[in-house]
Amino acid sequence: MLDVGVAAAPGSSSAGLGVGAVGAAVEAVAGVAAMQDDVGIRREGPEPDPDEPPKKRVKIPEGESGKLEERLYSVLCCTVCLDLPKASVYQCTNGHLMCAGCFIHLLADSRLKEEQATCPNCRCEISKNLCCRNLAVEKAVSELPTECTFCLKQFPRSSLERHQKEECQDRVTQCKYKRIGCPWQGPFHELPAHESECSHPTKTGTELMGILGEMDHNHRRDMQLYNSIFSLLCYEKIGFTEVQFRPYRTDDFITRLYYETPRFTVLNQTWVLKARVNDSERNPNLSCKRTLSFQLILKSKVNSALECSFLLLKGPYDDVRIKPVIYHHSFSNDANETDYVPLPISDSVECNKLLAAKNINLRLFIFQVQK
């Protein structure tokens, strides 16, 4: 604080000052006060303690703080993707929130990089054992309003899916004659008018044959798979077992992640399964697309060729989606390994589920072809 005063000479009084001197002193004080106002210096009271909490919270004018939904959005959003979770919500030991997709992705990335997964906010360790679901946040998010993509009206998130699938009059729908080639799609409230004027029901049989032929081709392809599985179930020698892939690292200079099962016995033979990520790509953690491929290895010695069909399905307690694909191989002492074949999972999300798990549990079926 700057103090400006007028000092009187010793032995004299203030009355002895001239009028000019007093006026100069007043002007000096006013000039210093103006300078203090310009630089934001307070002229009165003690200096505030920076560590002292404010005595009274400043009230934010109405309208500046935003709507309650907007403030909750920033509080309840995922710390990774910064979006509101659409399904399960996990939290680290310090309470930071992660949606299920980001949580699984973090665990999968840590597996690929051979690192301990950490919370992106506070860097504490995270795993399926250390983290838990936050049901209160899940319920709170489900009650927040969101906008229908079709009619643009606001609905609670818990009822939005049903509204968009069943109730919304502006939802995109297709003509019931799509099966015979009608390409029309539009808002639901226009569907009755279109179907009453649709020209496809009046097409001739010759015009419809091409459309039905393509549909029959897709149907035959699906039925061929099911018929093949049913034919394998008629074989005399059938074996199946639960297999558990465990993660390992190669001994190369740049280590790569691979999976291998313990030895198991099926059809009186000893086998091993191996799996690799993105066909042993150098840095699969840098790729958005992730795949798993596997090979079946015969460890026993055989007297003659062993011709087998095999397929992998999900285990009884897993939720990964695997479309069955039948593979064939003739095993012998010189050809005891199959080529690496794709594990038929639907997409990279399913692959991340497997990578995030401590072990991968699947069910293997082997069918021995009778000669």
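Student: Hi! Which residues point one way from β12, and which the other way?
Tutor: Hello! In this predicted model, L292, F294, L296 and L298 point one way from β12, while S293, Q295 and I297 point the other way. Both sets are buried.

Student: Which strand does β12 pair with over seven bridges?
Tutor: That's β11, residues 269–277, and the pairing is antiparallel. To find your way in the viewer, look for V272, which stands opposite I297 of β12.

Student: And how many bridges join β12 to β15?
Tutor: Two, and these strands also run antiparallel. Strand β15 covers residues 341–342, and its V341 is the bridge partner of F294.

Student: Okay, let's go to the surface. Which residues form the nonpolar patch?
Tutor: M223, Y226, F230, L233 and I238. Together they have about 480 Å² of accessible area.

Student: Which helix gives the most to that patch?
Tutor: Helix α7, residues 205–232, with three residues.

Student: Where is I238 found, then?
Tutor: I238 sits in strand β8, which spans residues 237–249.

Student: Is I238 buried or partly exposed?
Tutor: Partly exposed: the relative accessible area of I238 is 34%. Buried would mean under 20%, and exposed over 50%, so I238 falls in between.

Student: Changing topic: how much space lies in the largest pocket?
Tutor: About 390 Å³.

Student: What lines the largest pocket?
Tutor: There are 19 lining residues, and R111, S127, A356, A357 and K358 lie nearest the centre of the pocket. The elements giving two or more residues to the lining are α3 (100–113), β8 and α8 (348–356).

Student: Last topic, the open sheet. What order do the strands of the three-stranded one have?
Tutor: The order is β2-β1-β3, with antiparallel pairing.

Student: Which are the edge strands?
Tutor: Strands β2 (97–99) and β3 (132–133), each of which pairs on one side only.

Student: How many bridges are there between β1 and β2?
Tutor: Three, in the antiparallel sense, with β1 made up of residues 89–91. A handy pair to click on is V89 and C99: V89 stands opposite C99 in β2.

Definitions and conventions: Residues are numbered from 1 along each chain as its sequence is written. This is a predicted model: local features need pLDDT of at least 70, side-chain atom pairs count only at pLDDT 80 or more; totals for chains, interfaces and linings use all residues. Side-chain values use heavy atoms; hydrogens and water are left out. Buried means under 20% relative accessible area, exposed over 50%, partly exposed in between (1.4 Å probe, protein chains only). Helices (H or I, at least four residues) and strands (E, at least two) are DSSP runs, numbered from the N terminus. Two strands pair if DSSP finds at least two bridges between them. Patches are made of residues with over 30% relative accessible area and no salt bridge: like charges are joined within 9 Å, nonpolar side chains (Val, Leu, Ile, Met, Phe, Trp, Tyr) within 5 Å. Accessible areas come from the Shrake-Rupley method with a 1.4 Å probe; for residues, only the protein chains shown count as cover. A salt bridge is a side-chain nitrogen of Lys or Arg within 4 Å of a carboxyl oxygen of Asp or Glu. On a 1 Å grid over the protein atoms alone, a cavity is a set of points where a 1.4 Å probe fits but cannot get out, and a pocket is an open set with protein on both sides within 12 Å along at least five of seven lines; lining residues have an atom within 4 Å of a point. Grid points are joined across faces, edges and corners, and a volume is the space filled by probe spheres set on the points.
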